[in-house]
Amino acid sequence: MSPFLGEFVGTALLIIFGAGVCAGVNLKKSYAANSGWLVITMGWGLAVAIAAYAVGQYSGAHLNPALTVALALAGDFPWKDVPGYIAAQVLGAVVGAVIVCLHYWPHWKETDDPGVKLGVFATGPAVPNVVANLLSEMIGTFVLVLAILAIGANKFADGLNPFIVGFLIVAIGLSLGGTTGYAINPARDFGPRLAHFLLPIPGKGSSNWSYAWVPIVGPLLGGAMGSLVYKLLFLGKTSPALWGVLMAAAAVLAAAGVLKGKEAGTAAADRRSA
């Protein structure tokens, strides 16, 4: 198996188990309906562990463009392979989402809320606030990448690392996931969101593309900071790229604040004219 095929298969498995648990918990007439956030976080943690076990020997099981870019920035992954890895991850995520859609096909008609249907595929903010939502995704992915690198520096029994990373995903979901649904992975959000947009799901409603950039940009910036800060604090290696990433993050957050202000002003004007 080539590394690119490994990333495709691994990300498809990730979404089959991850979006699958979201479907089971949220769609009407599922036996798992209303089983709660703990089940979702455990499902995603096991999804990451199983996918990593499946393809780790072939591709390193990045399964996440934010991790791929972060490793390349840190000098631990060749930039020439980054586009192929990201393409494979996104395509795998689309295929995984299609499989989940087919598996739960009778349940879409039984579920009335379009937002619930979208939530099976893609993330969204509990409280819409573009600056806070972006910062939440940055922090979650920063912790993800920093912790993955720290875990990798430890010696475990053979084959235990993916299991520990799975528990890391559970921890992030429990502690940091309640704000935006913790995408922490651009492929995990964009691929299934694209599938939601393309598939003939009954009563699906909008795919909420206006929010879709947040779980792409936030994780890419947070993951890049995580890898570079790890090298600085744990290995004592400085990189000029860290300052570039920090300035880019500050610029994006500032731009998001301006966007939020404009949206608030437009909404206020609409209320006055109503």
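Mentor: Let's start with V131, which is in contact with L253, A256, G257 and K260 when its neighbours within four places in sequence are left aside; contact here means heavy atoms within 4.5 Å. Before going on, please note that this is a predicted model, in which local features need pLDDT of at least 70 and side-chain atom pairs count only at pLDDT 80 or more, while totals for chains, interfaces and linings use all residues. Residues are numbered from 1 along each chain as its sequence is written, and side-chain values use heavy atoms, with hydrogens and water left out.

Back to V131. V131 has a relative accessible area of 25%, so it is partly exposed. The scale is simple: buried means under 20% relative accessible area, exposed means over 50%, and partly exposed lies in between, using a 1.4 Å probe and protein chains only.

V131 lies in helix α7. Helices are DSSP runs of H or I with at least four residues, strands are runs of E with at least two, and both are numbered from the N terminus.

Helix α7 (residues 130–152) also packs with helix α3 (residues 65–73): their axes come within 11 Å and cross at roughly 60°. That angle makes α3 oblique to α7. For reference, angles under 35 degrees count as roughly parallel, over 145 as roughly antiparallel, 65 to 115 as roughly perpendicular, and the rest as oblique. The axes themselves are lines fitted to C-alpha atoms, for helices over the stretch in contact, and the angles run from 0 to 180 degrees between N-to-C directions. The crossing of α3 and α7 is right-handed. A crossing gets that name if the near helix is turned clockwise from the far one by less than a right angle, and it is left-handed if anticlockwise.

Which residues make this contact? On α3 they are A66, L67, A70 and L71, and on α7 they are T141, V145, I148 and L149. Sorted by class, the contact of α3 with α7 has seven nonpolar residues, one polar and no charged. Here Ala, Val, Leu, Ile, Met, Phe, Trp, Tyr, Cys and Pro count as nonpolar, Asp, Glu, Lys and Arg as charged, and the others, Gly among them, as polar.

A70 leads us to another valine. V48 and A70 are 22 residues apart along the chain, and their C-alpha atoms are separated by 18 Å. V48 is found in helix α2 and, with a relative accessible area of 16%, it is buried. Not counting residues up to four places away in sequence, V48 touches L14, V165 and I169.

Helix α2 also holds W37, whose partner Y182 sits in the loop between α8 and α9, so this pair ties together parts that are 145 residues apart in sequence. The ring centres of W37 and Y182 are 5.8 Å apart and the planes lie at 70°, so the pair is edge-to-face. Rings of Phe, Tyr and Trp (its six-membered ring) pair if their centres lie within 6.5 Å; planes under 30 degrees apart are stacked, over 60 edge-to-face, and the rest tilted. The structure holds eight aromatic pairs.

N34 lies in the loop between α1 (3–26) and α2 (37–59), and its 75% relative accessibility makes it exposed.

Finally, look at α1 itself. Its axis and that of helix α6 (residues 114–121) come within 7 Å and cross at roughly 155°, which makes α1 roughly antiparallel to α6. A19, C22, A23 and N26 of α1 meet V116, G119 and V120 of α6. These residues divide into five nonpolar, two polar and no charged.
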